[in-house]
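The stops below can be selected one after another.

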Amino acid sequence: MKITILGTGSSQGIPIIGCDCQVCTSPDPKDKRLRPGAIIEKGQTTVMIDASPDLRQQLLSFYNKRHIDAVLLTHEHRDHVAGLDDLRPIIFAQHKSMDIYALPHTLEAIKKIFFYSFEEDLYPGAPQFNLHPIDLEPIDIGQLHIIPIKIMHYKMEIRGFRIDNFAYITDAKYIPPEEMDKLHNLDVLIINALRRKIHYSHFNLQEALDTIDKLKPKKAYLTHMGHNIGLHQDLLKELPQNIEPAYDGLVINLK
Ligand SMILES: [Zn+2]
Ligand SMILES: [Zn+2]
Ligand SMILES: [Zn+2]
């Protein structure tokens, strides 16, 4: 299984427009963080987790192919779904609607945001989506067996995903104990860490580290980072050996 990290920034991305802090003005390419998402490939199957507003740029840079079998959405906030329209080249090349798996409230939001894709008299250039509601039942897509994980993002229930010994959790503020039980024995965990100060709807760095400590994955990568978390290189030095800040374009190969 191959995981390609498409973006690791928080909702505004880094650099933030007009910000002159040391992270937003850093020359290190690893301090440039597009909005979050990932591509998972196993055998002939490819799924994407979330569709960020930077999706066109991300696919051109890190996955320049016209093959995606399905999109798993964690939730409907715009930093996770705004790029769905940019899947058009892939939808047209594959000659079929893009399968989207998400919670019912997320799918309802998708119908509103991309209303022109759900009208009866469809405009010929509109992207077509095939919506699949999920809850906690495993999902089988090609060679991938996907276990949805219930996550609380302040008051909003959202989903993380476990695929084999890999899990992708973003925008978490709380993970219920029975869901934590589904996240043991991981080779790789991707988890959100917004900043150092506490935040009402996202784990800060300490909460992410505490969660990693409870789950004990072999390796953990941080994502959904804001500029306040600091420079990539500083964070890398400060973290324990098995934890690293992820960066855009990171590729993880798993047996
Ligand atoms: Zn987000
Ligand atoms: Zn900044
Ligand atoms: Zn969110």
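Does His-227 count as buried or exposed? Select His-227: its relative accessibility is 18%, and because the cut-off for buried is under 20%, His-227 counts as buried. Bear in mind throughout that this is a predicted model.

Cys-21 belongs to the loop between strand E1 (2-7) and strand E2 (37-42), while His-227 belongs to the loop between E12 and helix H7 (232-238), so the pair ties together parts that are 206 residues apart in sequence. Cys-21 has 23% relative accessibility and therefore counts as partly exposed.

**Second stop: the zinc ion (ligand 1)**

Which residues are the protein donors of the zinc ion (ligand 1)? Select Asp-79 (OD), His-80 (NE2), Asp-171 (OD) and His-224 (NE2), which lie 2.1 to 2.3 Å from the ion. The angles among the four donor atoms are 92 to 164 degrees, and the site is irregular. The donor residues have the sequence spacing D-H-x90-D-x52-H. Asp-79 and His-80 are both buried. Next, show the zinc ion (ligand 3) and center on Asp-171. Asp-171 bridges the zinc ion (ligand 1) and the zinc ion (ligand 3), and 3.5 Å separates the two ions.

Switch to a cartoon view and color the strands E6-E5-E4-E3-E2-E1-E14, given here in their order in an open, mixed sheet of seven strands. At its edges are strand E6 (129-133) and strand E14 (251-253); each has a single partner strand, so one side of each is left without a neighbour in the sheet. From one strand to the next, the twist averages 20 degrees.

Strand E5 (residues 98-102) runs parallel to E6 and is joined to it by five bridges. Pick Asp-99 to find its bridge partner in E6, Asn-130.

- Helix H4 (residues 104-113) lies across E5 and E6, at about 155 degrees to E6.
- Helix H1 (residues 55-62) lies across E1, E2 and strand E3 (45-49), at about 140 degrees to E1.

Color E7-E8-E9-E10-E11-E12-E13, the order of seven strands in an open sheet with mixed pairing. Strand E7 (139-141) and strand E13 (243-245) are the edge strands, pairing on one side only. Neighbouring strands here are turned by 25 degrees against each other on average, direction ignored. Helix H6 (residues 205-215) packs on this sheet and touches strand E11 (188-192), strand E12 (219-223) and E13. The direction of H6 makes about 155 degrees with that of E11.

Finish with strand E9 (residues 156-163) and strand E10 (residues 166-169), an antiparallel pair with three bridges.

Note on methods:
Residues are numbered from 1 along each chain as its sequence is written. Chains are lettered from A and ligands numbered from 1 in the order in which they are written. This is a predicted model: local features need pLDDT of at least 70, side-chain atom pairs count only at pLDDT 80 or more; totals for chains, interfaces and linings use all residues. Side-chain values use heavy atoms; hydrogens and water are left out. Two strands pair if DSSP finds at least two bridges between them. Helices (H or I, at least four residues) and strands (E, at least two) are DSSP runs, numbered from the N terminus. Axes are lines fitted to C-alpha atoms, for helices over the stretch in contact, and angles run from 0 to 180 degrees between N-to-C directions. Contact means heavy atoms within 4.5 Å. Buried means under 20% relative accessible area, exposed over 50%, partly exposed in between (1.4 Å probe, protein chains only). Donors are N, O and S atoms within 2.8 Å of the metal (3.2 Å for Na, K and Ca); water is not among the atoms, so sites may look incomplete. Four donors count as tetrahedral if all angles lie between 85 and 135 degrees; four count as square planar and six as octahedral if opposite donors are over 155 degrees apart and all others between 65 and 115; anything else is irregular.
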